[in-house]
Amino acid sequence: MKFKETSDDYPIVSIGHIELGEPKKMSAIIDTTDLAILPTRNVVLFPNVTIPIKLGRESSRRIAEEAKEKTMPIGIVCQLDPTEEDPKLGSLFNYGVIGEVLQVIQLPDNTSTAIVRGIMKFKITGKGMNLRMRESKISATIKLIHEIAPKEDDKEYAALCDEIRSTASKLASANTESPSEMDLIFNLSNGNIGRDELVNMTATHVPIDIKVKMSLLSKYRVKERALELFNELVKHEEMLNIAQSVHQRARESFDEQQRRVFLQRQMEAISKELNGEANDVADFSEQASKRNLPQKASEHFIKELDKLERLNPQSPEYSVQYEYLETFLALPWGKSSKLNSDFAKAEEALNSCHYGLEKVKERILEQIAVLMHNPKGKSPILCLVGPPGVGKTSLGQSIADALGRKFQRISLGGLHDEAEIRGHRRTYIGAMPGRIIEAMRRAGSMNPVLMLDEIDKIGNDYKGDPAAALLEVLDPEQNYRFHDNYIDADFDLSKVLFIATANTLETVQRPLIDRMEVIDLSGYILEEKVAIARDYLLPRLRKEYKLEESDLQLSDESLALIVESYTAESGVRQLEKSLASIARKVVYRAIGGKRASMPIGREDVKEYLGIAKYSKDRYEGNSFAGVVTGLAWTAVGGEILFIETSLSEGKGEKLTLTGNLGDVMKESAMIALQYVKSHADKLGIGNERFEKTDLHIHVPEGAIPKDGPSAGITMATSIASAFTGRKVVERLAMTGEITLRGKVLPVGGIKEKILAAKRAGITDIVLSSENRKDVEDIAEKYRGGLTFHYVDTVSEVFEIALEK
């Protein structure tokens with residue numbers, strides 16, 4: 001027989017019809033152009049291996065019987081999908097083995113099994129003619145593949161086979177899932193069989209993934225197959241060891257639990273003999289008598305206590321009821337904290353923790369004064385709204401300290417389940433009180449300060465709407481009878497001072513906003529941040545890193561540089577991180593014996609923090625017509641944005657908007673273009689310009705989504721500037737929405753936008769005349785250095801913004 005190398009990198013038989021070699025038991029020949037195929041499910045046969053194959057399909061049984069009757073070779077090929085009942089040629093793996101049917105056995109359950117011996121491997125190359133066997137549904141054109149066995153003196157192969165034999169024996173002795181197959185491997189591996197037969201037999205019977213077996217079958221070098229098989233056996237052995245370890249730990253845990261239950265019962269029996277019948281009911285009754293329970297709550301408790309008395313202490317329901325009564329009595333029924341009546345001390349406590357925020361602190365001190373004057377009065381629900389890092393959460397703690405009340409924080413960010421607020425009904429496994437009642441239990445007082453943090457980040461889904469559940473909590477007219485599903489009794493929340501925090505009110509439901517008094521915390525100016533860093537952040541960092549005052553000192557000029565060049569925020573969170581980075585480097589140098597020179601000056605900041613991340617003056621100038629600076633509000637404070645307009649020759653039908661703009665900004669752009677078109681004569685723009693010019697409006701930083709109504713006059717000015725060629729006045733920014741009639745409408749977030757303008761080096765701001773009251777309500781120190789231009793129409797905007 002002749003072989004030749006092919007592009008598939010294995011030798012194939014080069015003639016069409018091949019007679020079987022020794023042992024020569026079959027009179028037929030192998031037709032490589034028309035071989036009948038017997039598909040198998042999860043069975044991969046290897047050469048020189050004899051196995052039983054269950055014939056589940058009637059067609060498979062007929063093929064096997066005809067092959068046995070005519071001594072006809074057939075192809076044994078595994079299906080890709082074992083659930084497919086009527087596989088086609090395309091539903092089979094590419095590789096198979098020529099099989100000789102030695103015997104077809106009829107079993108008592110009317111099923112058949114064929115004993116098949118593998119002869120030679122082949123690869124399917126196409127569809128066969130299906131002429132030689134009338135019972136075959138599938139036939140194929142194949143390439144017979146001659147496998148290359150290692151030499152007899154190959155010591156590496158011999159050692160590899162010994163390892164396969166050893167590992168297979170270990171798996172056979174440890175395996176309990178497929179004992180028959182593994183026992184067969186064990187018996188064969190300990191028998192006197194050749195190395196090649198050992199590899200193929202183990203590969204046939206080892207319980208590994210079918211795709212892995214097909215990968216093994218595809219190897220035409222037996223040594224490579226042996227190496228991959230050994231790797232799979234090692235993986236299988238490791239997984240089996242892990243499973244056994246897990247089972248052992250579970251068994252030990254179960255045995256320990258059984259031992260504990262037995263000892264607990266013995267202890268209970270001994271306790272009964274020594275002290276009489278244990279009476280949990282009497283213990284709970286004694287505890288309840290020391291609580292100032294309301295009448296209805298007391299009646300409910302007695303009813304639940306009767307249930308406990310009727311239950312068997314060994315039943316699971318007993319422990320559930322016991323835990324409920326424990327939780328019920330752990331609540332601060334009628335227990336209140338003694339309030340601070342020294343207003344000067346309260347004011348000092350508030351000022352000692354927060355710098356600036358005069359209006360905010362003034363409103364909080366008003367509320368503290370009211371609560372001191374009338375402790376039994378109802379408290380309003382305060383909502384602190386502002387960007388991250390301005391001190392909303394710490395203000396809540398300061399209010400509690402000033403009043404002498406307990407403080408508990410409840411994080412609502414990402415909350416989706418209404419039961420997290422109202423509690424779970426006790427019919428559910430693992431039921432527990434809601435977060436409100438749990439916070440009251442931890443506080444141990446009826447009049448704590450509860451902070452509802454991140455109220456703007458509450459979600460809702462099929463489990464309910466937590467924001468709707470909060471309506472009862474935050475309504476002073478209802479919360480004196482708050483009903484938690486777990487406690488199942490009314491609880492008085494009217495003495496609680498609730499303080500909510502949010503970055504924005506846009507995602508908060510309107511009914512919820514109506515129940516709260518909103519207090520804005522816009523942010524800090526440069527001087528305030530420097531003072532906060534000097535008087536609050538640095539002392540805190542010295543304490544945290546165990547540094548003396550002389551070990552960590554920064555001049556005001558250095559702090560100002562850090563604020564301007566290494567942070568870009570309304571609050572001081574990034575500022576604190578930058579100062580912490582400096583403190584770490586100081587400690588690092590001290591440990592290494594290199595004491596840092598103090599104080600750290602402006603010229604030393606780069607050494608500690610690296611290259612500046614931000615430019616103090618972000619204003620980009622007015623070098624080009626069509627570029628306008630706008631002011632925007634975001635959840636993290638005010639920002640400046642640039643509107644760029646470019647003109648190109650075209651048919652005038654195309655308006656291109658880029659920069660990740662939302663629907664509102666796209667509408668503003670269309671309104672702005674329409675306004676400029678309708679007032680083209682006043683601007684000195686010929687109508688033919690619009691017919692021959694395509695317009696492209698772009699807002700840089702395209703990765704950041706942008707939306708909102710504040711960019712109307714900015715876009716209109718950008719378009720007018722591009723068409724007229726008139727540049728925008730230097731260091732001027734604007735904010736405001738427009739109508740088709742050219743009226744300029746007011747917008748919100750004025751203080752945040754003013755702070756952003758100051759950070760960017762802006763000197764003039766154009767905005768609606770209706771925003772004048774918002775500007776006048778802002779302290780002079782925030783407005784200093786800015787000139788405000790109040791307008792009513794877009795034409796006034798053009799008159800102020802565009803150079804003559």
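I began with strand pairing: two strands pair if DSSP finds at least two bridges between them. I took helices (H or I, at least four residues) and strands (E, at least two) as DSSP runs, numbered from the N terminus. The model is predicted, so I noted its limits: local features need pLDDT of at least 70, side-chain atom pairs count only at pLDDT 80 or more, and totals for chains, interfaces and linings use all residues. Residues are numbered from 1 along each chain as its sequence is written, and side-chain values use heavy atoms, with hydrogens and water left out.

**Entry 1, the sheet.** I looked up an open sheet of five strands, with parallel pairing and the order β12-β13-β16-β11-β17. At its edges I found β12 (407–411) and β17 (517–520), each pairing on one side only. Neighbouring strands are turned by 25° against each other on average, direction ignored. For angles I noted that axes are lines fitted to C-alpha atoms, for helices over the stretch in contact, and that angles run from 0 to 180 degrees between N-to-C directions.

I then followed β12 to β13 (residues 449–453): five bridges join these parallel strands. Phe 407 stands opposite Val 449 in β13. Helix α14 (residues 435–443) packs on the sheet and touches β12 and β13. The direction of α14 makes about 155° with that of β12. I counted contact as heavy atoms within 4.5 Å.

**Entry 2, helix pairs.** Two packed helices are described by the angle between their axes and the distance between the axes. I called angles under 35 degrees roughly parallel, over 145 roughly antiparallel, 65 to 115 roughly perpendicular and the rest oblique. A crossing is left-handed if the near helix is turned anticlockwise from the far one by less than a right angle, and right-handed if clockwise.

I looked at α21 (residues 663–678) and α24 (residues 712–724), which pack at about 45° with their axes 8 Å apart. That angle makes α21 oblique to α24. The crossing of α21 past α24 is right-handed. From α21 the contact takes Met 665, Ser 668, Ala 669, Ala 672, Leu 673 and Val 676, and from α24 Gly 712, Met 715, Ala 716, Ile 719 and Ala 720. I sorted residues by class: Ala, Val, Leu, Ile, Met, Phe, Trp, Tyr, Cys and Pro are nonpolar, Asp, Glu, Lys and Arg charged, and the others, Gly among them, polar. The contact of α21 with α24 has nine nonpolar, two polar and no charged residues.

Next came α18 (residues 556–566) and α20, whose axes come within 9 Å and cross at roughly 50°. Their crossing is right-handed. The contact is made by Glu 557, Ser 558, Leu 561, Ile 562 and Tyr 566 of α18 with Arg 602, Val 605, Lys 606 and Leu 609 of α20. I recorded five nonpolar, one polar and three charged residues in the contact of α18 with α20.

Most residues other than glycine have a negative phi, and most peptide bonds are trans. I found a cis peptide bond between Met 598 and Pro 599, with omega about -5°. Pro 599 is in the loop between α19 (573–591) and α20 (602–609). Asn 42, not a glycine, has a positive phi of about 55°. I placed Asn 42 in the loop between β5 (35–40) and β6 (50–55).
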